[in-house]
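Please look through the sequence and the structure shown here before reading on.

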Amino acid sequence: MHDYGERQQFRLLETGTPVKVELDSINAPAALTNTDVVLFAPPRPAPQGFAQRLQSTLSRCVTEELQYRQDFLFIPVLVGAGAALWFSLASPPSDVVLLVSGLCVIPIAVITRHRQTALSFVLATLALLLLGMLLANWETRRVGTTVLDSAVTTTITGKVERREVDAKGYWRYTIALTSTSGPSLTRLPNRISVLSRSREQPIAVGSGITGKARLSPPSGPALPGLNDFAFSAYFDGIGATGFFYSAPKALPTQAETTDKAGWLETAGSWLYALRSAIAERIRSVIGGDAGAFAASIITDERRAISSETMEALRVSGLAHIVAISGLNMALASGIFVVGMRMVFSLFPGFSQRYPVKKISAFAALLMTFAYYLISGFAVSAERAWLMMSIMLAAVLVNRPSISLRNVALAAIVIIAVSPHEIMGPSFQMSFAATLALVAAYSFWSRWQGNRERLFIARPPFWMVASSKASAVIGGVVITSLIGGVSTAIYSIEHFHRITTYGLAANLAAMPVMSIIVMPSALIAMLLMPFGLDAPFLKLMGYGMAMVIDIANTVSSWGGDATIGRQHPWFLAVSTVGFLLLTLLRTHLALLGLPLILAGLVLVPLEQNKAKPDLLIYEDGVLVAFRTDQFVATTKRQAKGFVFDQWARAVPLPDKHVAPMLDDDKADAREDTAEPTPRRPAGLTDQQKQEARDKMLAAFERTNGFSCQKNAWCAGRHESGVKVAVISNTALTGTACDLADIVVTSRFVPFSNCRSGALLISAATLRKTGSLELWLNEAGAPVATARAAMQDVARPWSIHRAYDWRSKTSDGAVPPHIETMLVARP
């Protein structure tokens, strides 16, 4: 057979095309011509249309995803989505409906779980969503925190469960409340958080404590859509927050109380005492912000870090180092494993006889558990400990340690135990970063396994060194970039800001953390029981000081960009896109990109909406006018926890207009100190007339407030709407006659102004929370308004509707407020 004929026949055989050769041509001994070979190819299939090709591609991708069991990764996603849905609803379904639905759907979904049909997938999705809602409902009922209904001054008695010092040397105690007196509370919170500003010797954990304190319910959102601190306080078991008027006194722990305490409570008290002692030891040896920073990455006590340093860490994108997260846990366990294996290498006989890799992994497993015990049980530390435990356990059973399945297992455990954590930024940001890093590692591993690489038997030294250096540098760059990009969605949603120089800060700080800080911390903790930890703590402190210097340098570049509040659908749409992009391994993952882009499109759309003209905090004291050029408030200084949230969420202009104070002797500390409750003084007719004349003069000033301390503030917006903020109830009637909007921080016996002015009283704000109003230039003063509290029927907000005088609950707001809230411009 001719060479051409052979090549053609072999090519057709190689490509799989059927070939038929005539028998005569095969049997012929002589040379054949090209025409002697007759080829019979099957008819070409008809060209497929776009819809058919798309359906075929989707079917192939879905089959591959199911073969690799990627559907397992969506179990925590759907369970978490169900829990988030339950927490987000203003009025969740009744327990009976939820339980019956779960009992009907979940068993059917379990029975049909192996059937790969559309119906089985729908049933599985509904079952997991219902399971998440049931878990959220169960946790809410299990916690059952009693929240204080209104502010009160009383003498408290209890036991110190935790304590933590801040940057000013003040101690904040978490107290298990046993009794109150003068007055005695009928709805006694189980646990409270109280600050002591006295520089006394701190009271030990587990000791009794008593003192006169001002207690208040946990605050709600500073504006609609912002973080509800009462929600987290409810699930932390904190029913009230406040401060001591003077130094609290220590009391001996009663014997019967000690006897009733279970072993778990006793172990918890001992553990928190140990944690506090470790933190104090670290701060005393290192000192300053470096010592407070070092204590935070070991015990998670962060209050001792100064506000300036924390702000620098946030602006530079290094705030994640403060929390005990995957970075800290991974560095600690990795250094521990490498160190143990280096020690084992000194004994080659033992290393050859026993599995030293598994021994090191098991020892690291115990070490990470000890790290978790002294970390304060934060969700980031819990997630990191679970992840590292699963990874180290995988080493023990010869399974891959870094996989998305391990991340899913950790998420399932946390959601099952604490479903409410899914609503917080700590859970979302820590899992987003971990998920993105593991997904990128999996993609890189698949790509490396499929490509052809050039191998050199004995590469020169310069090639080995450059390869190692580029791998380390590239790893740090890529890791920092992926971590920063993956958490940007949640930073925008929860903190309304994004750091633009975070990559540079992390590139500079990560080598310091990996080479100096964490190895020194690990050795110091191992030697602390023997009193030999000081040199290594000092070395750790030098590393912490270097990280703080890096944070200060990068923050001075001004890389903090304020984004503002986002569209209500921004987080959901962006998260779905992010999860599709990271959890799927085929081309189906690209479906996440349009969703992420859609979420990003919502950012400018939300920012282009009209901003509110008047902001009212729920205490009725802080009120602000907003214009495009400046913001005018009833406070002399543009700072404070609430104002900072407003500035980032709205966002507010940089220029602040302070109020004109009628009393020149006003206390300069009024903006920073907690207000001391005072009974409004009675006023004579002459004093009321003087206040009336001054208010009229104040309304002549546009876009600014004039104030008289502990009495009133008044101002006129550029729209012409006049606003009065009253702190003395004797002037409420006068303000109603003069202003268009009256805000009172005190309870008044009426809910409407007879003059027709809009009255927003303390009782109203208690039910609505903070308000934002859009003002009219003519007609009714308010075009529309939004309230921070959608409903006060949920367990973490039901205290707002409770009246301790009548011992009844009423969440209804006055009709004129209800009309204002549902109005549209």
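## A residue in helix 6

In this predicted model, asparagine 137 lies in helix 6, which covers residues 118-143. The relative accessibility of asparagine 137 is 10%, and because buried means under 20%, this residue counts as buried.

Leaving aside residues up to four places away in sequence, asparagine 137 touches Trp86, Asp95 and Leu98. Serine 94 is 43 residues apart from asparagine 137 along the chain, and the C-alpha atoms of these two residues are separated by 9.8 Å.

Helix 4 (residues 74-88) packs with helix 16 (residues 404-417) at an angle of about 25°, and their axes are 8 Å apart. Since angles under 35 degrees count as roughly parallel, helix 4 and helix 16 are therefore described as roughly parallel to each other.

The crossing in which helix 4 passes helix 16 is left-handed. On the side of helix 4, Ile75, Pro76, Val79 and Gly80 take part in the contact, and they meet Ala408, Ala411, Ile412 and Ile415 in helix 16. Sorted by kind, the residues of this contact are seven nonpolar, one polar and no charged.

## The protein as a whole

The protein has 825 residues, of which 46% count as buried, and its secondary structure comprises 27 helices and 22 strands. Among the contacts with a separation of 6 or more, 67% are between residues 24 or more positions apart.

The accessible surface of the protein comes to about 42100 Å², and 61% of this surface belongs to carbon and sulfur atoms.

Note on methods:
Residues numbered from 1 in each chain as written. Predicted model: local features only at pLDDT ≥ 70, side-chain atom pairs only at ≥ 80, totals over all residues. Heavy atoms only, no water. Helix = DSSP H or I, 4+ residues; strand = E, 2+ residues; numbered from the N terminus. Buried < 20%, exposed > 50% of the residue type's maximum accessible area, 1.4 Å probe, protein only. Contact = heavy atoms within 4.5 Å. Areas by Shrake-Rupley, 256 points an atom, 1.4 Å probe, with all protein chains shown as cover. Axes fitted to C-alpha atoms, helices over the stretch in contact; angles between N-to-C directions. Parallel < 35°, antiparallel > 145°, perpendicular 65-115°, else oblique. Left-handed = near helix turned anticlockwise from the far one by under 90°. Nonpolar A, V, L, I, M, F, W, Y, C, P; charged D, E, K, R; others polar.
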